[in-house]
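Q: Can we walk through the side-chain contacts in this one? Keep it short.

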Amino acid sequence: MTQTTRQTTPHAGADGLTEMSWDPITRIVGSLGIHTKIDFKQKRVAECWSTSSIFRGYSVFMRGKDPRDAHFITSRICGICGDNHATCSVYAQNMAYGVKPPHLGEWIINLGESAEYMFDHNIYQENLVGVDYCERMVRETNPGVLELAERTEAPHAAEHGYRTIADVMRSLNPLEGAFYREALQVSRYTREMFCLMEGRHVHPSTLYPGGVGTVASVQLFTDYLSRLMRYVEFMKRVVPLHDDLFDFFYEALPGYEEVGRRRILLGCWGSLNDPEHCDFTYRNMSDWGRRMFVTPGVVVDGKLVTNDLTEINLGIRILLGSSYYQDWEGQELFVTHDPLGNPVDPRHPWNQHTIPQPQKRDFDGKYSWVMSPRWFDGKDHLALDTGGGPIARLWSTALSGLVDTGYVKATGSSVVINLPRTMTKPETTFEWRIPRWSNALERNRARTYFQAYAAAMALHFAEKGLEEVRAGRTQTWERFEVPDEAVGCGFTEAVRGVLSHHMVIRDGRIANYHPYPPTPWNASVRDTYGTPGPYEDAVQNTPIFEENPPEDFKGIDIMRAVRSFDPCLPCGVHMYVGGGRTVEKLHVPTGLSGMAG
Amino acid sequence: MDAAPSTPPAPAPAASGEEAPIHILWMNAGLSCDGDSVSLTAATQPSIEEIALRALPGLPPVAVHWPLIDFESGPVGGADTFIEWFFKAERGEIDPFVLVVEGSIPNEEIKSEGYWSGFGDDPETGQPITSSAWLDRLAPRALAVVAIGTCATYGGIHAMEGNPTGAMGVPDHLGWNWRSRAGIPIVCVPGCPVQPDNFAETLTYLLYQAAGSAPMIPLDDKLRPTWLFGATVHEGCDRGSYYEQGQFADAYDSPTCLVKLGCWGPVVKCNVPKRGWMDGIGGCPNVGGICIACTMPGFPDKFMPFMDEPPGAKVSSALSGAYGAAVRRLRGITLDTVDKEPRWRRTGHRLTTGYRPPW
């Protein structure tokens with residue numbers, strides 16, 4: 001191997017399709033491969049495979065361990081949303097141990113998790129996905145669009161300070177862009193907010209079953225609130241900035257709504273508990289689930305199927321089909337019935353056995369370490385996605401119309417976010433309205449709006465927490481005993497969407513533990529019924545708007561489609577686009593030749 | 001030990017006439033969670049943009065190939081493919097480079113086929129190239145190999161008892177006495193995740209060393225930078241004084257010493273309580289989070305169950321319980337005295353400070 005430059009030019013195979021792969025994909029978390037077959041004549045992606053190439057085996061090595069270790073261990077599943085796992089695990093443990101933390105402990109967790117949303121969405125939106133929309137990227141992929149952007153005045157220039165859309169794009173250029181650098185700083189003080197409540201980022205130190213070890217004081221809340229108000233002021237610029245940028249793409253590239261578009265099949269497991277109602281019992285889960293500050297829900301074709309957490313729980317199925325695991329059919333069932341007496345399916349996470357079976361990657365057979373979680377609605381195994389999290393959360397919350405804290409109100413068709421006056425900006429209201437499509441741009445737009453949502457909610461939590469401190473109720477942790485036999489489940493919304501933890505305790509030890517983060521849903525692969533996973537599905541529908549010929553093709557529209565889901569592979573994936581049967585081997589880009597045969 | 005060459009062998013200078021950069025190749029495809037990558041973006045002393053834009057005096061130019069924020073993203077074999085830099089390094093076309101490894105290295109020899117962890121595809125076979133294969137290919141050419149996080153350094157959480165992958169740290173894989181061609185041992189910066197500034201500082205040190213302005217990086221026998229990992233958690237913990245006074249928490253929300261509730265701080269090498277998590281904020285036992293020893297080679301198995309009292313703490317905490325109670329009483333008396341102002345601070349016609357007025 002002495003070749004230093006690309007020696008091959010992508011050639012279409014006999015079927016007119018060109019295999020191309022992106023593996024590993026950068027500017028996401030973890031190792032994801034997307035392998036595609038592209039029809040350059042029709043300017044469409046014909047086929048897509050998503051593949052994840054890393055297996056660690058949490059469910060395997062957690063067996064037999066002390067259940068109280070679970071949140072410390074599962075946090076390490078992910079380096080950007082580990083605290084979501086720790087939180088979810090603590091919820092599952094609270095249920096299993098029958099402990100209800102003091103209200104203040106719950107407000108502190110809510111403040112920590114809100115800061116996680118604020119941090120994570122910000123850094124991802126501006127420093128990872130934002131690069132797909134920066135001046136340099138647009139210049140290299142759609143010079144015509146950049147020319148138009150130079151001539152297009154930004155409608156909200158008064159709010160964010162950038163005169164033209166091209167100015168917005170320039171500000172997003174890596175390192176050189178002023179807004180890019182500012183966002184990095186914002187990602188830091190939001191993490192400081194997080195650390196105030198949960199000790200350290202991303203693996204929390206002060207989270208425990210029964211509450212938190214955080215010492216609640218006036219100082220704690222003042223330190224948080226001062227930073228929060230800076231963020232609130234920041235969002236008053238960022239929401240209009242992204243509205244301008246994303247609206248421009250619809251205008252500049254008619255038909256861009258098709259990029260990353262798929263059927264509306266959204267899941268949201270709810271997040272941010274209300275301690276007034278949440279007692280962590282399974283029996284009351286449907287009720288306290290509906291009292292969450294982000295309402296759980298399954299949304300199909302724009303309609304709310306359910307917002308009942310118990311129903312959501314019982315509908316979860318883990319399918320195999322294209323993943324490197326032995327099936328567990330016929331193995332022992334851990335939980336035949338839930339605590340309410342409802343039958344639990346053998347393919348439910350409570351009953352899952354993880355039996356790894358490493359093997360060669362074969363895009364016609366097994367090709368990923370990710371499994372295929374589906375939601376069974378009684379008829380179909382739906383390949384739900386989370387759209388990266390925010391779009392599903394806002395959609396589900398908007399439709400249910402249950403949330404109303406003053407700062408945030410769900411209307412049935414929208415979510416209204418009221419941000420109070422800040423140092424240099426007046427009171428501002430943003431309204432996220434249910435969009436027409438579940439596509440790349442709307443996933444991105446929702447991410448920005450959810451940042452404002454999280455900030456507004458945090459104001460509410462800070463007020464409630466401070467109320468407790470001022471009243472002298474500073475206890476944040478409650479004692480518990482670990483029972484010999486118990487089951488527990490935790491539901492929350494990780495940054496990227498649905499997160500569940502299912503635990504079974506036997507003889508005081510972990511007998512079974514299966515975490516299901518959002519990325520296994522989004523990055524899942526073709527299941528036993530042949531249904532592709534959401535990335536695969538969304539990319540397969542993606543038209544190509546890029547102006548580059550195949551030789552210089554970057555696949556920016558594909559990357560925008562994939563990144564709109566905010567992939568997080570430690571939590572679950574690897575994608576692959578390609579899988580040609582007829583591609584000429586000599587002309588296949590690296591990485592695909594072996595798959596062509 | 002020898003210092004790194006002050007003028008590392010470099011390819012022809014770039015066309016612009018600028019100094020050739022030191023490449024940093026970041027491999028996040030060990031068994032990892034990318035938490036160390038994410039953590040580094042929190043660093044401010046210095047920050048990643050300050051390193052990249054050479055805000056500190058004397059820093060050499062760097063070209064960072066880091067999956068988390070890299071501009072380049074393919075496609076494979078296309079115009080700007082991220083993974084191509086790794087192939088270039090293997091072919092000796094970029095020099096010098098520092099290899100950063102994140103995540104533990106699985107044992108790929110314990111199974112008949114497939115991979116536990118892959119990073120990019122082999123153009124010949126179309127199958128993923130394993131992380132351990134990359135390590136074997138690139139380590140001999142690297143100026144230095146840096147293991148970031150407890151997984152890459154010592155195996156960490158993914159090397160827990162009962163794990164299916166046989167995971168281990170980079171020194172376990174390459175050998176603890178391994179030296180780079182520049183004579184630099186594997187540099188281990190443990191932590192789960194790595195404390196942001198700890199890594200930014202180590203990287204900065206290595207860049208200064210590569211530029212010829214710093215001597216060989218001082219490492220201890222577990223290959224940790226000595227100035228960061230020389231002291232224990234307890235030695236830097238602001239709750240250590242509660243320990244001395246025999247005041248031990250029996251609930252996690254108590255502000256006193258957490259040792260009876262699972263804190264391993266007295267025997268763990270880590271600077272977090274002293275340094276804070278970021279910009280002095282946050283931490284572990286100093287803010288109510290038991291130390292689970294996430295920087296240590298014995299992590300996690302030697303510290304579980306985390307929420308139980310470390311066996312060794314029982315004796316010492318009993319001793320300090322007795323001694324500390326007496327100390328605390330005496331201090332209470334003194335405190336009572338010094339908590340009152342001297343009596344001459346008062347209103348009235350007479351000055352009682354001891355000064356003799358001339359009027």
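**Side-chain contacts**

A: Asp132(A) is buried, and so is Arg27(A); buried means under 20% relative accessible area, exposed over 50%, partly exposed in between (1.4 Å probe, protein chains only). This is a predicted model, where local features need pLDDT of at least 70, side-chain atom pairs count only at pLDDT 80 or more, and totals for chains, interfaces and linings use all residues. Side-chain values use heavy atoms, without hydrogens and water, residues are numbered from 1 along each chain as its sequence is written, and chains are lettered from A and ligands numbered from 1 in the order in which they are written.

Q: What do the side chains of Asp132(A) and Arg27(A) form?
A: A salt bridge, 3.0 Å from N to O. The term needs a side-chain nitrogen of Lys or Arg within 4 Å of a carboxyl oxygen of Asp or Glu.

Q: And where do Asp132(A) and Arg27(A) lie?
A: Asp132(A) is in the loop between α4 (103-129) and α5 (135-141) of chain A, and Arg27(A) is in the loop between β1 (18-22) and β2 (32-39) of chain A. They are 105 residues apart. Helices (H or I, at least four residues) and strands (E, at least two) are DSSP runs, numbered from the N terminus.

Q: How many salt bridges over all chains?
A: The count is 54. One of them joins Asp247(A) and Arg445(A), with the closest N and O atoms 2.8 Å apart.

Q: Why does the pair of Asp247(A) and Arg445(A) tie parts together?
A: Asp247(A) is in helix α10 (residues 218-252) of chain A and Arg445(A) in helix α14 of chain A, so the pair ties together parts 198 residues apart in sequence. At 36% relative accessibility, Asp247(A) is partly exposed. Arg445(A) is buried, at 10%.

Q: Which residues make up the network there?
A: Asp243(A), Asp247(A), Glu442(A) and Arg445(A), joined by salt bridges that share partners.

Q: What about Tyr97(A) and Phe480(A)?
A: Stacked, 5.0 Å centre to centre, with 20° between the planes. Tyr97(A) is buried at 9% relative accessibility, and Phe480(A) at 17%.

Q: Which cluster are Tyr97(A) and Phe480(A) in?
A: One aromatic cluster whose members include Trp477(A), Tyr252(B) and Phe306(B).

Key: Rings of Phe, Tyr and Trp (its six-membered ring) pair if their centres lie within 6.5 Å; planes under 30 degrees apart count as stacked, over 60 as edge-to-face and the rest as tilted.
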